Amino acid sequence: MKTIYMIFMSLCVFILSSVLYIKQNTNIIFGDASDLYTVNISVEKSQTPEQVESILKQVQDVHPTHIKKVTLISSQELIADVEKVLPAYSSGLFENQELEQILNPIIEVQLAPEASSNDIITKIKSITGISSVTFSADWVEKFKSFFLVANIILETIFILFFTILSFLIAVLIRNYLISSKDSISLHTLLGATPSQAFIKPYSQIMLLTFISYIIGIFFTFVLAATIKQKVSANIDFAFINSRMSFLSATNILIIALGLFLNLAISYGLSHRYINKEYYKHD
Amino acid sequence: MISLKHVYKTYDSDRHALRDISFTLNPAELVFLTGPSGAGKTTLFKLLSIQEKISSGELNFNNHPMNDFNIKRMTAYRRKLGIVFQDFRLIQDINIFDNVAVPLKIQNYSKKEISLAVHEVLERFGLQEYANSYPDYISGGEKQRVAIARAIVHKPELIIADEPTGNLDRKNALSVLSIFQDLAAQGVAVMIATHDEEFLKSTSKKSKVRQIHLESGRVVKDQPL
C-alpha cells in the first residue's frame, strides 16, 4: 500500500508540475513575449537630432495604448555594441567613422502583444525621415491566435488535471488512512483519544506525501533538463532556449499548497469517519 | 465497579442477542462467563468494551453511566480496562515489545516506565526472547500470551478476556488462569469468557470466583464456584 501510494502520488506531482512547467514556459516564450513584438525603425542619416526627436514623438503618437515603449539607439550606441560583441573585428576591419556611416540611428518600438502590428507599421512608414521599418516577430504575429488557443488549452488541461488529481489524491489518502483501521480500532479500544488513534497513520501519510512530492518535482526537473538539452541542440530554437526556465518558486509552492490542502481535507474526512466508526457508533 | 441493569441488545429490530442482562462485577472478583456458541458472550464483551451500543438498559462503571458515549468518559474507562481479544488483534507491523507497550504509550508513560513494565510482563509470560520479533513469526499460543501481556501491562482495574486460553495447551492455560487469579487477588475485577467448563474446576481459592452462564442471550445461572 505504501509503495503504491508513493508511486501514484509521485506521478500526480510529476504530471501537475510538468503541466505547470510547460504552461510557464509557453507563457514566457509566446504568451507575453513582449520583447519579440519589436519594430525597428532605421532613421535616415541626414536627420538632425531635433528631427530625430520629432520622429520619436510622432512614433509615440501613432498608437499610445498599443506602443509600450519607444527607445532611441544612437549610432554611437550601436558602434559601442558592435565593439562589445566583436572586439577583434571592430578594431581591424572598421574605423569608427566608417561604422558611423554604415549604422543609422535606430528607434526601437515595443508593441503590446494585442497590437495590430500591420496598422502601426503602415502609419510609421508614412513618417518622413525614416529609411526602413522592420518587424522582428512577423511569425509571432501570424501565430498569435494559435498561441492564444494553445495557452487556453494548457490552462484548461492544468485545471482539469488539478481537479481530477486533487480528487484522486484525497481519495487515496483517505483510503490509506482507513486501511490502517485495524491499528486505529485497537488504539481506540485501548483508550486512545481520536487524535491519538490517528496520529501514527497520519504522520506516516504526511511523510510519504512529502517524499512523493520531492520525487515528483525531481522527475520534473529531469524532464525540464532533457527538454532544454534537446532545444539547445537546435540553433533555430536558440531564442527559446535562452528564455526557458525551471518551475518558478510560486508554481512549486502552488503544488505544495495543493497537496497540503488535500491532506487537510482527507484528514477531516477520515477523522469524521473514524469518530463515527469507533466512538459514536451511529 | 461495573453493573448492568436490564440490558438488551437487539440487532435488526427483532434479533435479540442479549435479553434482560443484570449483574454486577466487583473488584477482586474472577467471573467466568460460560455458555454455548451463540449464547451472547462475545456480544456482552462488545458492550462491556463499548464497541457497541446497548439497545436498552443501563451500563454503569463506578456509578457513571457508560451508554451516553461521552468520548472523554469512554477513553478514561477504556484506559482502566484490559481486553484480551479472541483473535488477539496484534499490530502486524510492530514488534512484540511495541505491541505490549501500546496501552502504556496511549497513557503517555515515560520511555523508562514503558521499558520496565513491558520487560517485566514479557518475562512473566516467558516472552522476553520474542521482544524484537514480529507477530507473524510467533506461534498462536505465543500470540495469545502477548495479547494477555498487553491486557495487563498497564495494571487495569477490570480485565475482560474472550476465550483467553483457546490456543494454549493445558499447562499454559493453567498458568494463564493462575495469573488471572493472582490479579483478582490483588483487587482487579476479571471476567473470562470460556466454553470449557472443565477449566472452571482448575480454579484455586486465591480469589472470589463466580460463574455466569448464558443461554440464548439470557443469564440462566449466576453463582459462586
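Predicted model: local features only at pLDDT ≥ 70, side-chain atom pairs only at ≥ 80, totals over all residues.
Colleague: What is the order of the six strands in the open sheet of chain B?
Modeller: Strands are DSSP runs of E with at least two residues, helices are runs of H or I with at least four, and both are numbered from the N terminus. Two strands pair if DSSP finds at least two bridges between them. Pairing in this sheet is mixed. The order of the strands is 6-7-8-3-9-10.

Colleague: Which residue of strand 7 of chain B is the bridge partner of I83(B)?
Modeller: Strand 6 of chain B pairs with strand 7 (residues 158-162) of chain B. The sense is parallel, over four bridges. In strand 7 of chain B, I83(B) is bridged to I160(B).

Colleague: At what angle does helix 6 of chain B run to strand 3 of chain B?
Modeller: Axes are lines fitted to C-alpha atoms, for helices over the stretch in contact, and angles run from 0 to 180 degrees between N-to-C directions. Contact means heavy atoms within 4.5 Å. Helix 6 (residues 170-185) lies across strand 3 (29-34), strand 6, strand 7, strand 8 (189-194) and strand 9 (208-215) of chain B. Its angle to strand 3 of chain B is about 135°.

Colleague: What share of the residues of chain B count as buried?
Modeller: Chain B holds seven helices and 10 strands. Buried means under 20% relative accessible area, exposed over 50% and partly exposed in between, with a 1.4 Å probe and protein chains only. Of its 225 residues, the buried share is 53%.

Colleague: How do helix 3 and helix 4 of chain B lie to each other: parallel, antiparallel, perpendicular or oblique?
Modeller: The axes of helix 3 (residues 96-106) and helix 4 (residues 111-124) of chain B come within 10 Å and cross at roughly 125°. Under 35 degrees counts as roughly parallel, over 145 as roughly antiparallel, 65 to 115 as roughly perpendicular, and the rest as oblique. So helix 3 of chain B is, relative to helix 4 of chain B, oblique.

Colleague: Now chain A. In what order do the four strands of its open sheet lie?
Modeller: The pairing is antiparallel. The order is 2-3-1-4.

Colleague: Which strands of that sheet are at the edge?
Modeller: Each edge strand pairs on one side only. They are strand 2 (67-73) and strand 4 of chain A.

Colleague: Is Q47(A) buried or exposed, and which residues does it touch beyond four places in sequence?
Modeller: Q47(A) sits in the loop between strand 1 and helix 2 of chain A. Its relative accessibility is 17%, so it counts as buried. Leaving aside neighbours within four places, its contacts are V52(A), I55(A) and G129(A).

Colleague: How far apart in space are I152(A) and K23(A), C-alpha to C-alpha?
Modeller: I152(A) belongs to helix 8 (residues 144-179) of chain A. At 47% relative accessibility, I152(A) counts as partly exposed. In sequence I152(A) and K23(A) are 129 residues apart. Their C-alpha distance is 9.7 Å.

Definitions and conventions. Residues numbered from 1 in each chain as written. Chains lettered and ligands numbered in written order. Heavy atoms only, no water.
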